[in-house]
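Visitor: Hi, could you walk me through this one? I'd like to ask things as they come to me.
Guide: Happy to, let's take a look.

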Amino acid sequence: MPEQKKILFTGLAAAGKTSILRALDQDFIGMHQLTPTKGVEHSKIRIFGVDIFRWDLGGQDIYREKYLEDKERYFSGTNLIIYVIDIQEEDTKPNLEYLTEVFSALQEVSVSPIIAVFFHKYDPRILLTSPVHRERMVTYIEEIDGMKGDMQVWYYPTSIYDLPSLVTSFSHVFLQIFPQQELLAKTLSEIRVNMNTPALAVADTSPFIIAKDCASDIEEETVKEFERRLLGMTRQFKGKTSSTISWSIEPFSDTLSIVVFAFAVKSEVYVMTGLFEKDIFREDDSIRDFDGRAKEAIKSIKKILELFYA
Ligand SMILES: Nc1nc2c(ncn2[C@@H]2O[C@H](COP(=O)(O)OP(=O)(O)O)[C@@H](O)[C@H]2O)c(=O)[nH]1
Ligand SMILES: [Mg+2]
């Protein structure tokens, strides 16, 4: 039986924890009807055939005290903590105090999960223009690095107005609990070079990005657009099953097309998405060659994905 995993979402009240969970579930209706989370809300997702239990720890003072009193119950068995900070909130002290308490609670119950800090409500307009928020984020990082001890902490700016930021941040840190991801990342990078594409990714239909590799000279904006398109195209395969490899193609830019290949591993659908020169698709011969190489690539990716189910 595959083991199960536990993810804690925590942080102060109104930081955006529940909104993040809803956005990751693509539940945009639920997102607009949020009431403050009372106590803990549990939900379950499945990735690589493993049950992932998500605990949304409501952030009001009375509940936070309860978590810290009953540490064993809330913190033991945790694989990943996502600590959500409202970057628009000027006062950094309450977050740093609560984080200190969380770190010592983890030590007391002797667990060392991977920790992600989401600098949330980092809405696109702020990310582009505001030095104040950037300075606040830098201050947080310095402070947290100073108190994390041996723990592994990752930092991400996120916003519900930038869904790819949430999906890629969550995917990236979640994958850190799977050692197999290193082999997948390395293989995908080789395939990308081999297939001569500036951007290539593997995802499941949650959608959840399992690996992504981009050429070093590709523009940040193109990567963002690639992620946005890949999430949209991936969603079309949700709930579908397929024993063969199928692919679909859409225009991306003046010179590039975006191609999505769907394939199954353990009866779940996965996709490989990449950007390819439009010219490839003008002649039958080069299409055949492309198809053959893609299928070879997918074969090796499937083998690695099977390792995640071990
Ligand atoms: N500007 C902005 N507001 C957000 C974002 N995420 C959540 N919010 C708002 O922040 C408030 C609190 O969100 P909620 O998810 O209930 O926070 P929780 O208490 O941590 O679960 C709500 O009014 C949300 O609409 C974001 O990325 N940007
Ligand atoms: Mg909540």
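Visitor: Which residues does Phe 308 touch, not counting residues up to four places away in sequence?
Guide: Phe 308 touches Phe 48, Phe 178 and Gln 180. Contact here requires that the C-beta atoms of two residues, placed from the backbone, lie within 7 Å. Before we go on, this is a predicted model, where local features need pLDDT of at least 70, side-chain atom pairs count only at pLDDT 80 or more, and totals for chains, interfaces and linings use all residues. Residues are numbered from 1 along each chain as its sequence is written, while chains are lettered from A and ligands numbered from 1 in the order in which they are written.

Visitor: Is Phe 308 buried or exposed?
Guide: Phe 308 is buried, with 20 other C-beta atoms within 10 Å. The rule is 20 or more for buried, 12 or fewer for exposed and partly exposed in between, counting other C-beta atoms within 10 Å of the residue's own, with C-beta atoms placed from the backbone.

Visitor: And where does Phe 308 lie?
Guide: Phe 308 lies in the segment after α11 (284-307). Helices (H or I, at least four residues) and strands (E, at least two) are DSSP runs, numbered from the N terminus.

Visitor: How many helices and strands does the protein chain have?
Guide: There are 11 helices and 11 strands in the protein chain.

Visitor: Switching topic, how is the chain divided into domains?
Guide: Domain 1 covers 5-175 and domain 2 covers 181-307, with bounds from an automatic or database domain assignment. Taken over C-alpha atoms, their centres are separated by 30 Å. Nine residues from domain 1 and 12 residues from domain 2 make the contact.

Visitor: Which elements give two or more residues to the domain 1 side?
Guide: Those are β2 (40-47) and α8 (163-175). The largest share, six residues, comes from α8.

Visitor: What is that side like by class?
Guide: The side of domain 1 that touches domain 2 has six nonpolar, three polar and no charged residues. Ala, Val, Leu, Ile, Met, Phe, Trp, Tyr, Cys and Pro count as nonpolar, Asp, Glu, Lys and Arg as charged, and the others, Gly among them, as polar.

Visitor: Back to α8, at what angle does it pack with α10?
Guide: α8 and helix α10 (residues 220-235) pack at about 85°, with axes 10 Å apart. Axes are lines fitted to C-alpha atoms, for helices over the stretch in contact, and angles run from 0 to 180 degrees between N-to-C directions. α8 and α10 are therefore roughly perpendicular; the cut-offs are 65 to 115 degrees for that, under 35 for roughly parallel, over 145 for roughly antiparallel, and oblique for the rest.

Visitor: Which residues make the contact?
Guide: From α8 come Leu 163, Pro 164, Val 167 and Thr 168, and from α10 Lys 224, Glu 227, Arg 228 and Leu 231. By class, that contact has four nonpolar, one polar and three charged residues.

Visitor: How do the axes of α9 and α11 cross?
Guide: The axes of helix α9 (residues 181-194) and α11 cross at roughly 175° and come within 10 Å. α9 and α11 are therefore roughly antiparallel to each other. Leu 183, Leu 184, Thr 187 and Ile 191 of α9 meet Ala 297, Ser 300, Ile 301 and Ile 304 of α11. That contact has six nonpolar, two polar and no charged residues.
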